[in-house]
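Student: I would like to learn how to read a few features from a set of coordinates. Could we start with strands and how they pair?

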Amino acid sequence: MRGKIVVTGYGVKAPNTNNIGQYIYNLKNGVCCLDTVTDLSPNGETTIIGRINSGLDEFESDKRFKRLPRATLLGMASGKEALNQARFSNLADKKVGLFFGISVGAIGEKLFHDSIIHVNENNYRNVPLTFSHFSNYHSITAEIAHYLSIKGITKTITTGCTSSLEAIQDAMVYLKNGIIDVAVVGGTDSLVNKMACFGFAKTKSIPIN
């Protein structure tokens, strides 16, 4: 081992949590950031969800990012916040690796669902150019790396709910072996919709009512 591995910065995008300050406040004050809804379950049953309704204005108002899925924007925003807190203004002189855990990626996006319908109907013209990127988890990680100007190792870990934890483990291995000097590690997903609710309710993974 080459020395201690320390966390120098972090970023958060979560329900009712747009930045680090809100994150700390919510934790200290026991603020519940979850909602009860009835529009996602099969027969109008109640379901508890965590929905992110704000915090991405910077990206959603920029035409350059309109082609990107929400999971990518969340990763970009939290990654930027983490680097700012760590005071990394220039990573060019360091060996940097990006490790991101992704469970379901962009498959909850309307574009993805519509594209599958177009494919099944043999409607080639209406399949958007970005469809293949929405179905490829690593496209999310690669776009985050590009936005953060990270040109070193870029890895996507897709082991379901443990993806982000294993991204941390992978990054530690690379750091301990001296392959990289700095690791940017995170996780992102965006799947609060009927597809997720119906699917996970079927397997009893989430409760309804």
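Tutor: Two strands pair if DSSP finds at least two bridges between them. Helices (H or I, at least four residues) and strands (E, at least two) are themselves DSSP runs, numbered from the N terminus. This is a predicted model, in which local features need pLDDT of at least 70 and side-chain atom pairs count only at pLDDT 80 or more, while totals for chains, interfaces and linings use all residues. Residues are numbered from 1 along each chain as its sequence is written, and side-chain values use heavy atoms, with hydrogens and water left out.

Student: How many bridges join β3 to β5, and how many join β3 to β4?

Tutor: Six bridges join β3 to β5, and the two run parallel. In that pairing, F99 stands opposite V185 of β5. Between β3 and β4, also parallel, there are five bridges, and G101 faces I157 of β4.

Student: Which way do the residues of β3 point?

Tutor: In a regular strand the side chains alternate between the two faces of the sheet. Here V96, L98 and F100 point one way from β3, and G97, F99 and G101 point the other way. All six residues of β3 are buried (under 20% relative accessible area; exposed is over 50%, partly exposed in between, with a 1.4 Å probe and protein chains only).

Student: Which residues of α7 are buried?

Tutor: S163, A167, A171, Y174 and L175 are. They cover an arc of only 115 degrees around the axis, which puts them on the same side of α7; the arc is that of the directions from the helix axis to the C-beta atoms. The cover over these buried residues includes β3 (96–101), β4 (153–157) and β5 (182–187), where contact means heavy atoms within 4.5 Å.

Student: What follows α7?

Tutor: G178, with a positive phi near 75 degrees.

Student: How many aromatic pairs does a search of the whole structure find?

Tutor: Rings of Phe, Tyr and Trp (its six-membered ring) pair if their centres lie within 6.5 Å; planes under 30 degrees apart count as stacked, over 60 as edge-to-face and the rest as tilted. The search finds six pairs. In one of them, the ring centres of F112 and F131 are 5.7 Å apart and the planes are at 50 degrees, so the pair is tilted. This pair links distant parts of the chain, with F112 in α4 (residues 110–120) and F131 in α5 (residues 131–134), 19 residues apart. Both F112 and F131 are buried. Elsewhere, ring pairs link F59, F65 and Y147 into a cluster.
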